[in-house]
Each structure stands twice: as structure tokens, then as C-alpha cells.
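Okay, everyone, thanks for coming. Let me put the model up and walk you through a few spots in it.

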Amino acid sequence: GRNSAVVHAGFNNRTGSLMARLCVEGNRHFEEACTLLDVPYRKTGKILIAFNEEDMETLRLLVRQGMENGCEGLRLVGTYEMQKLAPGIQGIGAMVSPNTAITNPFLYTIALAENACANGVRFYFRKEVVSARREGSGEDPTRKADGRIVLTTADGEEFRTRYVINSAGLASADVAALFGIGGYRIYPCRGQYLILDKNV
């Protein structure tokens, strides 16, 4: 749940990448998922402001990339429409992304867990996975073969499964390495948000 709460449209992802495809597809279905899970969702749209011609060229490239990715409704606007959409904003133009939305990532995460539990998922907390292998062999768990994957935890407990979804956050590169998948690096980043309150 520790993210910016933005449901991105997918224009900012490299064309042809898995990230671009999944971002656009996820954006199209996110409202339906939030409705089913009873989680707040609001399609606010997004405006990217250009302060000079170099910025405008960047926005043109983003519109082109977004359209290639399958984003819908992206458009460039001049100062008149920009001021109508966001009064008081200064700039020479803007890009409008109508399908960008926001949600509550904390409530969404809890709702996913509740839904999983209602559908028979069991949770095991504080279980650090320290090794992974194919059942019946000591071979690389990434090798395509029949049989289950055996996950061993730090306290010696074993779990058997056909599928593993790596959602370990900052430790995801370490988990990937257990499966012989190297080359991943985590680049933590932090953003800053300004809250503009008209009552102050």
C-alpha cells in the first residue's frame, strides 16, 4: 500500500515493454476491480504542464508514446483550455490524460487480502524464504518440469506450490536470486507531496 495512489494511464512507459502493456490493461480494468472490492476510485485525470518549448516537445513525445502503448484520450492543449482545466496554473501548454485516476492503496491492499481469504487463501506471516527447489530434485527451480516448487523458510518449514508470485518489495531481488534469476537491482525512490489547503 505504500505508493502514490495514482492509477497510471501508461503513457510514461517504454513502448513494447511488459510494464507498458500491463499498465494500460490494468488502467482499463481498475475501476471495475475497485467497484467489486468496494474500494474508493476516482478518475481525476492528469495534466502535465509545459513551461517552455522544450517541455512541449517532451509532451508531444509522451502523447506519441502513450498512443503507441494503447492509451486513449491523450491530447495537447493550449493555455486557454489549460486555464479552464486548472485555473491559476502558468505555462505555455499542457498534456491531458483523462484516464489517470486515484484510489486508496491501503484500503485496496486490505480488500485484496479479504477477498483472497474469502476464496480460501491461507496467510503465513513472518516466514522468510531462504531456499527454493523443484520437488524431487536439487535442480534449479526455474527449470521447466513437472512437480511442485519447494520453498524452505528460515525456521525450516517447507511449503509446496506450483506457482510463486514474487511480491517481496525491497527484498524482491533477493527472492528472485533464490530462483536463479539474477540481474535485478532495487532502486528505492521517495517523492514529496504538497498539500494545498484553501482554508489555511
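Let's start with Ala 5, which sits in the segment before β1 (6–7); strands here are DSSP runs of E, at least two residues, helices are runs of H or I, at least four, and both are numbered from the N terminus. Ala 5 isn't a glycine, yet its phi is positive, about 75°. Ala 5 is also buried, with a relative accessible area of 15%. By buried I mean under 20% relative accessible area, with exposed being over 50% and partly exposed in between, using a 1.4 Å probe and protein chains only.

Before I go on: this is a predicted model, so local features need pLDDT of at least 70 and side-chain atom pairs count only at pLDDT 80 or more, while totals for chains, interfaces and linings use all residues. Residues are numbered from 1 along each chain as its sequence is written, and side-chain values use heavy atoms, with hydrogens and water left out.

Now Asp 38, in the loop between α1 and β2 (41–42). Asp 38 has a positive phi too, near 60°, again in a residue other than glycine. Is Asp 38 buried or exposed? Exposed, at 70% relative accessibility.

Next, Thr 100, in the loop between β5 (93–97) and β6 (101–103). Thr 100 is buried, at 2% relative accessible area. Leaving out residues up to four places away in sequence, Thr 100 touches, among others, Val 7, Phe 11, Asn 27 and Lys 46, where a contact means heavy atoms within 4.5 Å.

On to the cores. A nonpolar core, for us, is a set of buried Ala, Val, Leu, Ile, Met, Phe, Trp, Tyr and Cys residues joined through side-chain atoms within 4.5 Å. The largest has 11 residues, including Ala 9, Phe 11, Leu 62 and Met 95. Helix α2 (residues 53–69) gives the largest share of this core, four residues. A second, separate core has nine residues, Cys 34 and Leu 37 among them.

Last, the helix pair. The axes of α1 (residues 18–37) and α4 (residues 105–118) come within 10 Å and cross at roughly 65°; axes are lines fitted to C-alpha atoms, for helices over the stretch in contact, with angles from 0 to 180 degrees between N-to-C directions. So α1 and α4 are roughly perpendicular, a label covering 65 to 115 degrees (under 35 is roughly parallel, over 145 roughly antiparallel, the rest oblique). From α1, Phe 30, Cys 34 and Leu 37 meet Tyr 108, Ala 111, Leu 112 and Asn 115 of α4.
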